[in-house]
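Student: I have a two-chain model open and want to work through it with you. Can we take it one question at a time?

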Amino acid sequence: MIATRFLELRKRRGLMITLVLVTVGFPTVFLAVRLLLHAVAPKTYGPAGGYSIYTAMSAGVLYTFGFIVAATLGCTAGSVDLSDGMFRHLVITGRSRLAIYLARIPAGLAIIVSLVAVGFTIVCAVCVYAAPSKLSYNGVTVPAGLSQSGLESWAADNATEVLCGFSYNGQSKQGVGCDNGPGGSARVVIAGPGGRPVPASADQAKAAAIDIAQQNYPDYKKQFLYPSNSLMIKTGLWIELEATIGFVVGLGLGSLLGQRTVAVILMIVLEIILTPIAIRTRIPHFINGQRGIVGVATAHLEPAQLPLAFGGGGQDFRVTESTTTAICVILAWLIGWTVLGAWRMMTRDA
Amino acid sequence: MTATDVVAEPDLPASDGSWAVETRGLAKRFGSNVAVNGVDLLIPRGCAFGYLGPNGAGKTTLIRVLLGLTRADAGTMSLLGYSVPRHRDKALARVGAIVDEPRFHGHLTGRQNLQLLAAAREPAARGRIDASLDRVEILRRADDRVSKYSMGMRQRLGVAACLIGDPELLILDEPMNGLDPAGMHDMRDMIRSLVAEGRTVVLSSHLLDEVQRTCDAVAIVDRGNIIRQGPISELLAGTSLTLQVDCSDPDRARSLLAGTNLGAAIDVEAGGLAITLPADTTRDVIAEVARVLVTGGIAVYRLQPVQASLESWFLQVTSRLGDPA
């Protein structure tokens, strides 16, 4: 029965084209264009892959649009038997309505999970294999993956770039700083007699550069040429979780309402309006309600190295919750909507 | 009373399985509108049974209740000896049905739609798909998308969907809809062949002539009530016989016949008479009518006995008779 449900969904040409375009087509075209541009004009256009592209494509595109297309598929699976008049035929077979409903879950997940996996694999592959060979940190080309001592050692050897490129808090050690001369050439200087800048000695510059490297290391260590294997696995699972939630909730809502369009609109509103608001805004006396929104819970489970979903910027959640709470909220949504959808299907006149 | 109460009623006898369909006091309301009103229906096994009624009489609602598509408000019912809704799954596994217009997934082929339905039935159903498609004569178009099917083809596909379950009982709601005359003929033959195989076919239809040709027994439903049920031959046996007479002087012919003790109602029509005789009229009475007319000098051009049809009987017994069109 699962196989035939899979067939029924897979044969919906328009829907499948949309799903493939969003989950696979859009990332593929975007990355292909970047690959092409970089190949044609490498100095003007940076590498197609890399860490920043990875985070944008995974946390920005696949996460949000994966949810929306999964929800669309779920709403379709939950309502089309009714709208196409097949529900009656299925009920007359004598098979329990619950079994008919539950068969849609693995069938739909087989489609959406595999499509999201393909899209994500393409993103990972391009981001790893077309990553830049050097890291651009504050506009300074720095070797990637250095330890703190390695970064300090590199900074000592490249004091001028560090002092003139890296950001640092207040005065650097011994008042050493960067002076961008009228000719555009930068030089490392130190306050001389009367406060006038004079060229710093090599030792003074090295000491200041090492000091700045120490300040910047916590930020530097978050910079990668390309995502690590563990990050890609965590991100993949996180995106698949979001797609699964989108499908299951969409299925339940579609079954509950009995029609697709309204259900899809409600799911889109949830994902791109309600959830971002709930994440970014602290509504007095409604914090627990905000925590109960599934998007807030899944955002909480986002891998730490990714920027906050929905453009929140980092891990600075305004609505905080424990991981246990987040997992409970997600389970409640999955089970709750499945029960609601199945209940409606079991009680509905066919 | 709720559907749950129906199941729990202990004082009603369990079905012994001798009836294909058995309902007692079955009722279904939609707000204040009573669609099915305490229906007692007995459909014997192995026959073609017509289920007739005017529009809005509650035919389809009763079928929907029987099939578990909607819940009964009161009463008991059983299909093939299985009490429903308690043993609905076991009963429906042996039932095939078309309710209202047969609709399918238009983006799938006929075969794929049947695969979808076969997957919900026992494993053997999958093996019957081709045979079912062949039996309703759409095997050639089985791999076309249903959206390209005509109404008649969808009707045939609906029957094929019934057949994949190898049903003992088929409930067909207006199966002739959308069929051309040849298709209706084929459908009639198929229904008879299904009955010949020992299956029970319940046929809900407005086409009374088709029902009369196809079915062994009928039930007439009106305003949610079964008003008559039984074998067609028995039901029509109680109806009057009309003698159509084309003759030279209808008024004088009427006067001649009025002077006899035939017990006939005589109406003068254009070019002749319509003589309504009791149901048990014998051939001798017809001969006596001819003799009286000829002896009285009336030229008789045609004398034809007409037995009441199911249609005329239906109009007599349903409340729609005399309703404004």
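Student: How many bridges join strand E3 of chain B to E9(B), and do the two run parallel or antiparallel?

Tutor: Keep in mind that this is a predicted model. Strand E3 covers residues 48-52 of chain B. One of its residues, Tyr51(B), has Ala219(B) in E9(B) as its bridge partner. The link between E3(B) and E9(B) consists of 4 bridges, and the direction is parallel.

Student: Which strand is joined to E9(B) by 6 bridges?

Tutor: Strand E9 spans residues 217-222 of chain B. In this pairing Ala217(B) has Pro231(B) as its bridge partner, and Val221(B) stands opposite Ile226(B). The two strands run antiparallel, and the partner is E10(B).

Student: Which residue in the hairpin of E9(B) and E10(B) takes a positive phi?

Tutor: The hairpin has 2 residues between the strands. The phi in question is near 50°. The residue is Arg223(B).

Student: In what order do the 6 strands of the open sheet in chain B lie?

Tutor: Pairing in this sheet is mixed. E3(B) and E9(B) run parallel, while E9(B) and E10(B) run antiparallel. Neighbouring strands are turned by 15° against each other on average, direction ignored. The order is E6-E7-E8-E3-E9-E10.

Student: Which are the edge strands?

Tutor: An edge strand here pairs on one side only. That applies to the strand at residues 95-98 and the strand at residues 225-231 of chain B. They are E6 and E10.

Student: Is E9(B) mostly covered or mostly open, and how many of its residues are buried?

Tutor: In the sheet order, E9 sits between E3 and E10. The strand has 6 residues, and it is mostly covered. The buried count is 5.

Student: Which helix lies across E6 and strand E7 of chain B?

Tutor: Strand E7 covers 169-173 of chain B. The helix runs at about 165° to E6(B). It spans residues 151-163 of chain B and is helix H6.

Student: What separation do the centres of domain 1 and domain 2 of chain B have?

Tutor: The domain assignment puts domain 1 at 3-230 and domain 2 at 240-307. Along its principal axes, the C-alpha trace of chain B spans about 75 × 50 × 35 Å. Taken over C-alpha atoms, the domain centres are separated by 45 Å.

Student: What percentage of the residues in chain B is buried?

Tutor: Chain B comes to 12 helices and 14 strands. Its contacts between residues at least 6 apart in sequence include 71% that join residues at least 24 apart. Out of 325 residues in the chain, the buried part is 42%.

Student: Which helix supplies the largest share of the side of chain A that touches chain B?

Tutor: The contact takes 22 residues from chain A and 26 from chain B. The chain A side divides into 8 nonpolar, 6 polar and 8 charged residues. Helix H1 (2-10) and helix H4 (86-92) each supply at least two residues. The largest share, 6 residues, comes from H4(A).

Notes: Residues numbered from 1 in each chain as written. Chains lettered and ligands numbered in written order. Predicted model: local features only at pLDDT ≥ 70, side-chain atom pairs only at ≥ 80, totals over all residues. Contact = placed C-beta atoms within 7 Å. Nonpolar A, V, L, I, M, F, W, Y, C, P; charged D, E, K, R; others polar. Buried ≥ 20, exposed ≤ 12 C-beta atoms within 10 Å, placed from the backbone. Domains from an automatic or database assignment. Pairing = 2+ DSSP bridges. Axes fitted to C-alpha atoms, helices over the stretch in contact; angles between N-to-C directions.
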